[in-house]
Structures are given as C-alpha cells and as structure tokens.
Amino acid sequence: MNENFASRIKKRRVDLGLTQDELAQKIHNTSKQTISNWEKGVSKPKYDELVSLATALHTTVGYLVDGVQPVAQNEPPTGFLLVEKDELIKMQKRMIELQEQVIEKQAKQNHSVSTPSESSISK
C-alpha cells in the first residue's frame with residue numbers, strides 16, 4: 001500500500017489501539033475533529049502539533065512526513081549489520097593476513113618473471 005502522511009497517522013493510531021479522541025487528548029489543544037481531518041488529509045498539523053503527534057504516536061516526525069522508518073536503538077540502519085567488537089577485530093586481522101598473502105604471491109610472480117632463468121644465462 002502506498003502510504004501518505006494521513007494514512008501513516010491513522011495506521012500508527014490504530015496500531016497503538018487509540019481512538020481519535022484518545023489521541024487528541026495526548027496533544028495539547030487538539031480535538032477529535034482535528035485528528036479526523038489530519039487522517040483524511042483535509043488539513044495538516046502545525047510544526048509544534050506535528051512534534052506532539054509523533055511523540056503521542058511513539059514514532060518520529062520523519063516517519064509521519066516521509067515514511068522513513070525510525071531506527072530502533074541498537075538496531076543498525078538498513079544495509080548494515082551489528083557485529084561484536086571482538087568479531088570485527090578477528091575479521092580485520094584475517095583480511096590483513098589475506099592481503100599479505102596476495103602481496104607475497106604477486107611479489108613471487110614478479111620476481112620469477114623479471115629474473116632470467118639459469119638456462120638462459122648459460123647460453
């Protein structure tokens with residue numbers, strides 16, 4: 001479903017099990033009708049109302065406005081993984097070892113190409 005600002009408000013409210021009246025009570029100087037108008041896309045909240053709305057809905061302004069999912073604490077952003085510090089150090093050490101092996105192999109190949117063989121010297 002292609003969500004917009006109005007539908008995200010309603011979705012969060014319903015997910016939290018709140019009525020429009022209950023949500024309105026959590027936002028200073030807001031009525032059930034105002035919540036209804038926001039959910040229908042008839043009007044939009046002012047900035048201070050938007051901040052209060054996000055707080056009341058346990059989400060972020062970014063999610064309500066742009067649909068950007070909030071990142072939970074200790075949860076990496078999309079495309080990243082959490083790795084234990086010791087595990088990361090092990091992986092880095094292994095990568096260095098592999099790089100050293102590649103460099104050593106390349107050096108041997110270069111040495112064998114640039115060094116003439118004994119049979120060509122004796123001729």
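Below, we talk through some labels used for this structure.

Modeller: Happy to! This is a predicted model, where local features need pLDDT of at least 70 and side-chain atom pairs count only at pLDDT 80 or more, while totals for chains, interfaces and linings use all residues. Residues are numbered from 1 along each chain as its sequence is written, and side-chain values use heavy atoms, with hydrogens and water left out.

Biologist: What does the pair of Arg13 and Glu39 tie together?

Modeller: Arg13 lies in helix H1 and Glu39 in helix H3, so the pair ties together parts that are 26 residues apart in sequence. Helices here are DSSP runs (H or I, at least four residues), numbered from the N terminus.

Biologist: Is Arg13 buried or exposed?

Modeller: Arg13 is buried, and Glu39 is buried too. Buried means under 20% relative accessible area, exposed over 50%, and partly exposed in between (1.4 Å probe, protein chains only).

Biologist: Why is Lys108 called exposed?

Modeller: Lys108 has 55% relative accessibility, so Lys108 counts as exposed. Its salt-bridge partner is Glu104, with the closest N and O atoms 3.7 Å apart. Glu104 is partly exposed, because its relative accessible area is 47%.

Biologist: How are Lys108 and Glu104 placed in helix H6?

Modeller: They are four residues apart in helix H6, so about one helical turn separates Lys108 and Glu104. An α-helix has 3.6 residues a turn, so residues three or four places apart point the same way.

Biologist: How do you know that Glu97 and Arg94 form a salt bridge?

Modeller: Their closest N and O atoms are 3.3 Å apart. Glu97 is partly exposed, because its relative accessible area is 40%. Arg94 is partly exposed as well, with a relative accessible area of 41%.

Biologist: And why does Val83 count as partly exposed?

Modeller: Val83 has 38% relative accessibility, so Val83 counts as partly exposed. Val83 lies in the loop between H5 and helix H6 (85–114).

Notes. Helix = DSSP H or I, 4+ residues; strand = E, 2+ residues; numbered from the N terminus. Salt bridge = Lys/Arg side-chain N within 4 Å of Asp/Glu carboxyl O.
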